[in-house]
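I opened the notebook to record a few look-ups.

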Amino acid sequence: MAAVVKFDSFAEAVYEKVHNMGSDALTVALTTNANVPAATDTNLAALTEIAYTNLSTRAITTASSAQTSGTYKLTLTDLTLTASGGAVATFRHIVVYNDTAAADELCWRYDYGSDLTLGEDESLLLDFDGSAGAITHA
Amino acid sequence: MPDNAMTLEQVQSALDEQIAHYRANADDMTTRQAREYQVRIHELQLRRSVLLSEGAEVCEDCGGTPMGMLKTAAELDEFGIVKYGAVYEVGGCGCKPVPNGRGNLIMPAARGSTPAEAVAAWNANRLVQKRAGEPAAKKV
C-alpha cells in the first residue's frame, strides 16, 4: 500500500482551527477504485463511500497528539476492520476524515493498491506506525 | 484526585468520559468550552503515555523520553475468545528509523503484550524491525 496521501485542503485546515487532532473523532471512510478520492476533495460529502454493512467500527483511537522539540506527531492506535455476519463490499481507498469537524473534513488517505473484499471474519489491520507517528510535522 | 495519583484504568476512564462528552457536544460548545475539553483530553493522553512507559529509560541515542501507547488493541471473536492479543509500544523519541543493511528498518520502538513487557524490551534495546516498504494495511 502506498504511503500517506494528504488531501490538499488538510494543510490549510490544520492552521485554521478546523481540526483538533488530539481530541476530535478521526474516522475511516472506504471507497472503490471507481470512486477514487481526489486531492482536491475537502469533505466527506465529496466521496462516494461503500456500504458498511457487516463492517466493524471505523472510529480511530488517538494515542497522543504532541510536539517534542518543535516536531509535532500524531500517534494512533491501529484500527482493525473486521467483517462480521457476512462479507463487506469491495473497496480500495482508505480515507481518514474528521467526524467532529463541522463538515467532516478530509485529512489523508491510503491506496491499498488493489481491490479488496473482506469475507466473513476476515480483518484488515491499519498500521498507523505506532510511536513513529501516523503524521508528523517538523 | 490529581492526575499523577491516578491508575492507568482511572486515567483511561476519565479520558473516555471527557472524549465522549466533547465529541457529543462539540457542535454546541463555545470556543472556550471546547478548548477546555481539548486541554483536559491532552493532559490525560500525556498521563496515559507516561503510565504506559513507566520505567523506560531515556533514549541512549537522542536522550529523548520515550512515550508509551497501545499499538494494537486485542481482537476478540464473536465468542469473546482472543483472536490476537494487545500490543503495547514504547518509543518514538527523536530518533529516525535506521536501515539495518538487510532491507529492514530498525525502528526507535519496542513492543510487548503488556506495558511492562514493552518497557523491558525498550530498556534491553530489543527494537522493532520493519520491512522497508511494508504496507500500512494488511489482511490478518
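In which sense does α1(B) pass α2(B), left-handed or right-handed? I found a left-handed crossing. I keep in mind that this is a predicted model.

**Helix pair.** I looked up the geometry next. Helix α1 of chain B covers residues 8–25, and helix α2 of chain B covers residues 31–52. Their axes lie 9 Å apart, at an angle of about 155 degrees. Angles over 145 count as roughly antiparallel, so α1(B) is roughly antiparallel to α2(B). I then listed the residues that meet. From α1(B) they include L8(B), V11(B), L15(B), I19(B) and Y22(B). From α2(B) they include Y37(B), I41(B), L44(B), R48(B) and L51(B).

**Domains of chain B.** I checked the domain assignment. It gives domain 1 as 3–52 and domain 2 as 67–131. The centres of these two domains of chain B, taken over C-alpha atoms, are separated by 25 Å.

**Chain A against chain B.** I looked up the contacts between the chains. In chain A, 31 residues are in contact with 33 residues of chain B. On the chain A side, β3 (62–68), β4 (71–76), β7 (106–118) and β8 (123–126) each give two or more residues. β3(A) gives the most, with five residues.

Beyond its neighbours within four places in sequence, V95(A) is in contact with residues including V28(A), P37(A), L47(A) and L106(A).

Key: Residues are numbered from 1 along each chain as its sequence is written. Chains are lettered from A and ligands numbered from 1 in the order in which they are written. This is a predicted model: local features need pLDDT of at least 70, side-chain atom pairs count only at pLDDT 80 or more; totals for chains, interfaces and linings use all residues. Two residues are in contact if their C-beta atoms, placed from the backbone, lie within 7 Å. Domain bounds come from an automatic or database domain assignment. Axes are lines fitted to C-alpha atoms, for helices over the stretch in contact, and angles run from 0 to 180 degrees between N-to-C directions. Helices (H or I, at least four residues) and strands (E, at least two) are DSSP runs, numbered from the N terminus. Angles under 35 degrees count as roughly parallel, over 145 as roughly antiparallel, 65 to 115 as roughly perpendicular and the rest as oblique. A crossing is left-handed if the near helix is turned anticlockwise from the far one by less than a right angle, and right-handed if clockwise.
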